[in-house]
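Q: I would like a close look at a single part of this protein, with the terms spelled out as they come up.

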Amino acid sequence: MLRERVGVPVIILATCGLLTSACGGNADPAPSSASQSGPFTPASALLPAREFPAGYQRAELGVVDLRDQNAAALAAASTAQFDPPQCRPTADATLNEQLDPSNAAVTAWQSSSGNSIIELVTTVPRDIDADIRANTGECARVTITVTTGSTAGAGVVTENQRLTPPPLPTSLSLLVKSVATTTYPGGKTAVAQTLAGYAVVDGVTVQLVAVSTQDAMTDAKFAELFTRAVTRVAGSVG
């Protein structure tokens with residue numbers, strides 16, 4: 001099966017496509033689905049191919065690629081203006097700098113329309129409390145203004161909605177829906193929906209992110225997939 005390179009990092013959701021075009025490049029191969037028997041590894045806890053929706057094909061995205069793409073987006077975001085300013089993605093930055101192939105595994109899927117689903121499993125715990133602060137309350141609506149680069153002057157308005165999580169084998173979780181409207185210099189606009197689930201199970205982080213620009217996945221379908229991802233991790237580390 002021909003694998004395309006996926007162009008949406010799993011961490012910087014609303015702003016990656018705007019702030020950095022360094023998506024793609026050489027990726028270490030996506031790990032294949034593995035049996036849950038034997039010692040725990042992040043790769044063994046990833047969802048098998050059969051769990052992903054019809055119409056999506058596996059795309060190339062390795063841990064090193066993911067970390068580098070996210071680092072580029074975080075660097076770009078560091079020069080952007082955030083309103084409110086306290087809504088910068090601190091959990092993303094802390095987790096990303098610790099990722100490497102020895103402690104993480106990633107799988108990526110992409111539809112013909114360019115929608116993507118990315119799952120990350122890592123033994124590095126994610127700061128769920130920081131995610132909650134960055135997506136709720138005063139951060140339910142965030143405006144980002146780009147100040148440098150080819151898209152300087154562009155703005156992203158992101159509406160964040162915390163969703164009620166399904167029953168999960170952990171209390172450390174967050175399910176959030178974000179709709180980002182980007183307005184480029186000259187007036188052109190683009191809208192993207194992101195559904196993101198974060199959970200930490202016995203110190204192991206599982207992240208599932210679905211980014212759509214059309215024919216978006218429903219909240220219910222995403223919650224089902226996230227539940228399966230978290231349950232699989234819980235079964236692997238238990």
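How many disulfides does a search of the whole structure find, and where in the chain does the pair sit?

A: This is a predicted model, in which local features need pLDDT of at least 70 and side-chain atom pairs count only at pLDDT 80 or more, while totals for chains, interfaces and linings use all residues. Residues are numbered from 1 along each chain as its sequence is written, and side-chain values use heavy atoms, with hydrogens and water left out.

The search of the whole structure finds one disulfide, the term being used for a pair of cysteine sulfur atoms within 2.5 Å. The disulfide joins C87 to C139, with an S to S distance of 1.9 Å. Because the torsion about the S-S bond of C87 and C139 is about -90°, the disulfide is left-handed. The pair links distant parts of the chain, 52 residues apart: C87 lies in the loop between strand 3 (81-83) and helix 3 (90-96), whereas C139 lies in the loop between helix 4 (128-135) and strand 6 (141-145). Helices (H or I, at least four residues) and strands (E, at least two) are DSSP runs, numbered from the N terminus.

Both C87 and C139 are buried, where buried means under 20% relative accessible area, exposed over 50%, and partly exposed in between, with a 1.4 Å probe and protein chains only. As for the setting, the protein has five helices and ten strands, and 51% of its 238 residues count as buried. Among contacts between residues at least 6 apart in sequence, 67% join residues at least 24 apart, a contact meaning heavy atoms within 4.5 Å.
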